[in-house]
Structures are given as structure tokens and as C-alpha cells.
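Come along as I go through the entries one by one.

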Amino acid sequence: MTKEMLDLKSVNYDRVLRRYDIQMESKESPEDLAARMVPDDPLLKRVAEDVVFMRYKSVNDDVNAAMKGYTPEDVIEKGLIRGMDIVGELYGRGIYFLPHVMVAADAMDKGVKICEQRIKGIRETRGKVVMHVAEGDPHDIGKNIAAVLLKSNGFTVIDMGRDVPIDDVVQTVEREKPNMVTGTALMTTTMSAFPKIAEKLQKRNINIPFICGGGAVNRAYVESYPMGVFVAKAIQGPLMANKAMEGWDWRKLRDNWDKLTSVKD
Ligand code: B12
């Protein structure tokens, strides 16, 4: 190997790190985009920016500072999730790459854990929920947030994690007898697990609401199989779970979906 070959100064990293699957839409920098999309409030702004700029070290202090003025649920929804939305936008535009997204997701996860410690769950459990991310899918941020909110509303959560095989979900539901089961899918290649789970549960005479969310699915898709009830936001989890505890079945949840989800979050 010659000395020139090891001279990293001659490497053009702009070319090495270029993504070829995306056409750059604009020359807007992460800073420009963040300035347009972050919340106005300075406390929430810092939290959102910690996620966008992957400031893993300052998340802790900034989340704690924000919780002096806001509830942990608000810090998650209006600070951390807003930051991740911006990261998604930057990724979609080809400005951020997967490594950025992974570090930002870690920063977000750290922030959610701090909020979770602060959220006081009601001691007595109000019901049981089995949660999972679809087989083949690693995207668990939304599911983790929904789990925190369900726990903080007094529900016992059996969190099966991500990339969960269809039969494991079915067996866990059979064994644990929850009041509600949830699924998250962010990839078009993984969302087809949901109708398969629903079919297997129905064959075992299990008819509980199957709450499905994640960027890959929409209401029409989720309502195309039995038991499916669509959710667009994590905050809708406790809403659905409370109704399930009142005895609403999946058909009633679907029929009243517009009214239920129009509640301000
Ligand atoms: C973060 C991220 C990652 C991270 C995931 C880290 C983690 N631990 O989750 C990493 C870097 C690992 C990753 C990897 C990949 N990713 Co990715 N990723 C994203 C990104 C940027 C953000 C997703 C996210 O977390 N959003 C924020 C959360 C909060 O949103 P959410 O999960 O939808 O949850 C909200 C609601 O849906 C709802 N919700 C969700 N679940 C539930 C459950 C209940 C009960 C309730 C009530 C509510 C609820 O509540 C939340 C908000 O309130 C998206 C782009 C985007 N803009 O969405 C791509 C994206 C999802 N990824 C994508 C892809 C393709 C991949 C890879 C295959 C890339 C690759 N070529 O390797 C790999 C996966 C490889 C593999 N199979 O293992 C594609 C999927 C395309 C598709 N439609 O199929 C996307 C859309 C990017 C794109 N535009 O191409 N990714």
C-alpha cells in the first residue's frame, strides 16, 4: 500500500456519503429546516433540537428543564416527537442518512425514558394490553411512546418488543388474555402481518380490539381486516383502552372513531 493511498485528506466525503436513492429537493440545511419546524417555546425547542442535532449528552438536562413547565406527556408529544418528525423530514429529503437517524432515535429514546420515570402510573391496574412491532420491522419508537402513555394511564403493558413473529403474538394473547392488543408497522413490507394475526385470533374465538398504528398503515387498511382499529397518535392508545374497559368492542370503536379521535391532544 502506498503512502498516497492512506492519505485521507484527499478523500471527498461529499461523494462517499451521497445517497443515490433520493433526489435532493432543496439546499435547505438541517438548521434552516429545524428553525422552521421546532416549537416556539424555548424549553420545548431545546428538547426538539436535541433530537434533531443528536445532542445525546444534553437531552437529560433539557428534558428535565422542560418538565418544570410541561407535563412529561407534553414534553414527549411536543418536544421529542416533534424533533423526530424533523429528522424524518431531513431523511426523506436526502439531507440526513441512516446513521443520523439512528443516533437521533437514541437521543429520543433517552428523553422518553427520563419522562417515563417522572410519569406516575396509577397503582391499581385498569386492564392489560399486549403490544408489539410487526415481524421484520425494527421501528419501535412510536410503540415505545404509546407504551409509556398506556402505563401512565394505569394499564399493565406486556411489551413484546420489535420484529415479533406472528405466532408469538397470537400465543401471548391467548396466554395473557389482555383487554386489547396493539401492533405497529412502519414498513409496507411488514404491515401484512396484522390481517394474519387477526385471522389466527378469530379462529381461536378471540375478539378483542386490535389497535394498529405506525406510518405504514392507514384507517382504510386497518379496517379491512376483523378486529382492526386504526390509531394515528400515541395519545389515542389510552383513549381506546379506556373504551375497551367500558366494554366497547372493535366494531363500536370503529363506528365512533371520528368522535373519539377528534378529542384535542
Ligand atoms: C427512525 C427511523 C429508523 C430507525 C429506527 C429506530 C427505532 N428504534 O425505531 C432505523 C435507523 C433503525 C431505521 C432503519 C430502517 N428504516 Co427507517 N425510518 C425511521 C424514520 C426516519 C422515523 C420513524 C419514526 O420513528 N417516527 C417517529 C415515530 C414516533 O412515529 P411512529 O412510529 O409512526 O408512531 C406514531 C404513530 O404512528 C403512533 N403509533 C405507532 N404505533 C402505535 C401503537 C399504539 C398502540 C398507538 C396508540 C399509537 C401508535 O404514535 C406515534 C406518534 O404519536 C422513518 C421516516 C419517517 N418520516 O417516518 C424511516 C422509515 C420508516 N424507514 C424506512 C426504511 C426503508 C428503513 C430501512 C429498511 C432502511 C434500510 N435500507 O436499511 C431500515 C430497516 C432495516 C431492517 N429491516 O431492520 C422507510 C419505510 C418505507 C416503507 N414504507 O416501507 C421510512 C418511511 C423512510 C423512507 N421514507 O424511506 N429507520
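How many nonpolar, polar and charged residues does the shell around the ligand have? I looked this up first, keeping in mind that the model is predicted. The shell has 17 nonpolar residues, 11 polar ones and 4 charged ones.

Entry on the neighbours. I found 32 residues surrounding the ligand. The closest are His139, Asp140, Thr184, Thr188 and Ala234.

Entry on the place. I checked the pockets, and the space that the ligand takes is the largest pocket. Next I turned to the domains. Domain 1 (27-118) and domain 2 (127-261) both give residues to the shell, so the ligand lies between them.

Entry on helices and strands. I noted that α5 (72-92), α6 (98-118), α7 (141-152) and β3 (180-184) each supply at least two residues of the shell. The largest share comes from α7, with 5 residues.

Which protein residue is a donor of the cobalt atom of the ligand? I found His139, whose NE2 atom is at 2.2 Å and is the only protein donor.

Entry on polar backbone atoms. A polar backbone atom of Ala234 is 2.8 Å from an oxygen atom of the ligand. For Thr188, a backbone N or O atom lies 3.0 Å from a ligand oxygen atom. For Gly214, I noted 3.1 Å between a polar backbone atom and an oxygen atom of the ligand.

Key:
Residues numbered from 1 in each chain as written. Predicted model: local features only at pLDDT ≥ 70, side-chain atom pairs only at ≥ 80, totals over all residues. Heavy atoms only, no water. Near = heavy atom within 4 Å. Polar contact = N/O pair within 3.5 Å; in protein donor to acceptor, adjacent residues only side chain to side chain. 1 Å grid on protein atoms, 1.4 Å probe; cavity = no way out; pocket = protein on both sides within 12 Å on 5 of 7 lines; lining within 4 Å. Sits in = over half its atoms within 2 Å of the grid points. Helix = DSSP H or I, 4+ residues; strand = E, 2+ residues; numbered from the N terminus. Nonpolar A, V, L, I, M, F, W, Y, C, P; charged D, E, K, R; others polar. Domains from an automatic or database assignment. Donors = N, O, S within 2.8 Å, 3.2 Å for Na, K, Ca; no water.
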